[in-house]
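Thank you all for coming; I would like to walk through one part of a model with you this morning. Please have the sequence and the structure open as I talk.

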Amino acid sequence: MTLMTEQALPLTPDSDSGECSAQETKPVEHLREVLAAASNAAPVGARERFLILTHRGPDPDALGACEGLRRLLSAGFGYRPVVATLGRIHRAENVALVNTLDLDLEDYQKIEPGRFAGATLVDTQPEFGHTVLPGEVPVLAVFDHHVPPKRENGKTLLQIPHRDVRLDLGATCSMIYEYLRDAGVELDEKTASALFCGVRYDTADLSRNVVPLDEEAYYETFRRGDRAKIAAIDHPPLPRHYYKETYRALSRARQHGPLVLALMGKVENPESVAEMADFFLRMKGCSWVVAGAAYGDEYVLSLRTDYAFGKAYPLMERVLRGEGSFGGHGHIAGGRICMSDDGESTVKSIERRLRTNALEVIGTPDEDDSIPPEGRPISE
Ligand SMILES: [Mn+2]
């Protein structure tokens with residue numbers, strides 16, 4: 001297993017010896033040194049206080065890693081960490097994780113960065129667009145498993161004293177589990193449950209992107225977690241609008257051969273878009289889905305494909321045709337278009353364009369005139 005895929009951590013301040021290697025200094029010991037130095041150098045009021053941050057709209061892996069790092073910094077190192085998140089949490093499972101485990105999350109917009117000796121970042125990197133950092137406090141440590149963004153024009157990555165990016169890991173929570181294990185910090189029920197939910201979510205219960213550390217983290221955190229709470233998080237109560245939006249998606253969806261288009265108009269929960277994309281992809285005969293809906297001043301899009309050779313990213317590029325922004329990997333892509341207003345005619349014209357573009361990608365199969373040009377409703 002490659003430990004520091006991106007770049008080796010500077011594991012010793014004394015590089016003259018030239019003998020130090022990853023086997024001799026564990027990442028958690030390097031982290032301990034970096035945080036201690038920053039704490040000692042900070043103004044008195046900021047000493048021993050660290051911020052834990054993640055990407056906007058955090059998922060279970062991000063939330064679990066925040067909770068695990070909180071435990072490491074408090075129980076392991078004796079500091080006073082604060083977890084702050086940005087962006088509303090919408091998805092029912094994520095809301096259930098926060099509420100069931102009673103996670104203490106502060107509002108990023110209300111924190112005073114000057115009161116901290118430094119910030120740490122989990123499940124993302126400072127260079128990613130969906131990650132906002134306070135300028136006034138140094139980022140001391142980064143823990144992530146995503147491919148770093150491409151640097152253009154010879155730009156280099158920010159200098160971070162402790163940057164642990166492991167591309168082979170299924171979940172950031174697995175990495176934080178390792179730090180806790182190596183620091184000898186016992187896993188309490190709450191931390192174990194939060195870490196477990198992160199590993200479960202990012203690896204689909206160890207069914208994808210898994211290395212031995214993910215397996216160890218999954219089983220050890222499950223053993224020490226609160227099973228009733230873990231089950232409750234997996235089957236959360238769903239708000240009424242979930243059913244309303246499922247109904248809306250079902251009535252508006254149209255099938256065009258292997259493509260299902262589900263353009264839903266306005267929704268109350270932007271997560272409905274990704275949920276409906278997953279929902280339709282499971283339909284037999286459906287090989288790709290374009291789902292979309294307006295939320296606030298944005299039109300949100302999700303694209304899914306299960307073609308073996310499927311690449312969601314170039315498909316999304318063709319569906320958007322230069323409008324808005326998008327990203328994705330493998331079989332999943334997401335995009336958004338900023339709307340000048342959220343009036344019905346604006347939403348309708350965006351949906352018309354998206355529909356035309358999506359249909360152009362599949363082309364017009366002349367031999368198959370069983371498909372009406374407006375598509376086939378799912379109820380037929
Ligand atoms: Mn993750």
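Let me begin with a question about strand β6, residues 162-165: which of its residues point one way from the strand, and which the other way? What we are looking at is a predicted model, and in it His162 and Asp164 point one way from β6, while Arg163 and Val165 point the other way. Whichever way they point, all of these residues are buried.

Staying with β6, its neighbour here is strand β5, residues 139-144, which runs parallel to β6 and is joined to β6 by four bridges.

Moving on to the helices, α4, residues 172-182, packs with α5, residues 189-203, at an angle of about 140°, and their axes are 7 Å apart. Angles over 145 degrees would count as roughly antiparallel, and α4 and α5 are therefore oblique to each other. On the α4 side, the contact is made by Thr172, Cys173, Ser174, Ile176 and Tyr177, and on the α5 side by Leu195, Gly198 and Val199.

Finally, a few words on α5 itself. This helix has 15 residues and reaches 21 Å from its first C-alpha to its last, close to the 21 Å expected at 1.5 Å a residue. Helix α5 is also mostly covered, with 13 of its 15 residues buried, and just after α5 comes Ala204, which takes a positive phi of about 45°.

Methods
Residues numbered from 1 in each chain as written. Predicted model: local features only at pLDDT ≥ 70, side-chain atom pairs only at ≥ 80, totals over all residues. Buried ≥ 20, exposed ≤ 12 C-beta atoms within 10 Å, placed from the backbone. Helix = DSSP H or I, 4+ residues; strand = E, 2+ residues; numbered from the N terminus. Pairing = 2+ DSSP bridges. Axes fitted to C-alpha atoms, helices over the stretch in contact; angles between N-to-C directions. Parallel < 35°, antiparallel > 145°, perpendicular 65-115°, else oblique. Contact = placed C-beta atoms within 7 Å. Expected span 1.5 Å × (residues − 1).
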